[in-house]
Amino acid sequence: MSAKLYTYEEIAQHNSREDLWMVIDGKVYDITSFQDEHPGGEEVLLDEGAKDGTSAFEDVGHSDDARDLLKKYYVGDVDPTSKPIKVERPVEAIPEVPKGNPLRILIPLVLFGAYVYYSYFL
Ligand code: HEM
């Protein structure tokens with residue numbers, strides 16, 4: 001039986017925590033349910049998901065066990081006529097920029113200034 005083929009456009013649709021695919025070595029994996037189990041965390045999977053994550057996967061030097069695990073999530077092959085497309089990271093995965101309230105610094109500074117003023121000039 002020949003494997004089901006998916007284009008990069010189709011793969012790119014599966015780009016969220018609720019539905020995440022990844023390409024490794026020309027094979028397509030549905031790793032939605034694996035996100036919670038990944039010893040390397042779910043963030044990297046979302047980062048590399050919906051596209052070809054082969055180099056990220058290889059760079060880490062995953063064990064044979066990790067490679068074995070892939071079989072469980074295999075859904076098909078990449079359509080060899082399809083070309084990789086640019087995939088944006090899903091919006092939900094972009095970490096929040098920590099926003100500090102500027103008053104956190106300003107208020108102690110004003111109090112300190114007042115303290116110095118009263119101690120030395122009055
Ligand atoms: C579906 C694909 C993947 C599977 C099945 C998988 C599986 C695993 C497994 C079983 C481990 C434990 C160590 C080992 O056996 O090698 C691991 C660790 C790790 N994985 Fe993945 N992985 C996948 C994709 C990725 C990707 C794309 C990245 C991106 C950088 C990544 C980053 C890591 C890191 C950093 C660790 C080390 C965690 C630690 O030891 O603290 N993995 N992965």
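**Exercise 1. Find which residue in β5 is the bridge partner of leucine 5, then work out how the sheet is put together.**

Step 1. Look across from leucine 5: the bridge partner in β5 is aspartate 77. Strands here are DSSP E runs of at least two residues, and helices are H or I runs of at least four, both numbered from the N terminus. Keep in mind that this is a predicted model, where local features need pLDDT of at least 70, side-chain atom pairs count only at pLDDT 80 or more, and totals for chains, interfaces and linings use all residues. Residue numbers start from 1 along each chain as its sequence is written.

Step 2. Check the direction. β1 and β5 pair in the parallel sense over two bridges; to pair, two strands need at least two DSSP bridges between them.

Step 3. Now go to the other neighbour. β4 runs antiparallel to β5 (residues 74-78), with three bridges joining them. Valine 28 has glycine 76 as its bridge partner in β5, and tyrosine 29 stands opposite tyrosine 74.

**Exercise 2. Work out which residues of the largest nonpolar core touch the most other members.**

Step 1. Pick out the core, meaning buried Ala, Val, Leu, Ile, Met, Phe, Trp, Tyr and Cys residues joined through C-beta atoms within 7 Å. Buried means 20 or more other C-beta atoms within 10 Å of a residue's own, exposed means 12 or fewer, and partly exposed is in between, with C-beta atoms placed from the backbone.

Step 2. The core has 15 residues, and Leu20, Trp21, Met22 and Val28 touch the most other members. β3 gives the most, with five residues.

Step 3. Zoom in on valine 28. Leaving out residues up to four places away in sequence, its contacts (C-beta atoms, placed from the backbone, within 7 Å) include Tyr6, Ile11, Trp21 and Val75.

**Exercise 3. Decide whether leucine 122 is buried or exposed.**

Step 1. Locate leucine 122: this residue lies in the segment after α5 (103-121).

Step 2. Count neighbours. Leucine 122 is exposed because there are 5 C-beta neighbours inside 10 Å.

Conventions
Two residues are in contact if their C-beta atoms, placed from the backbone, lie within 7 Å.
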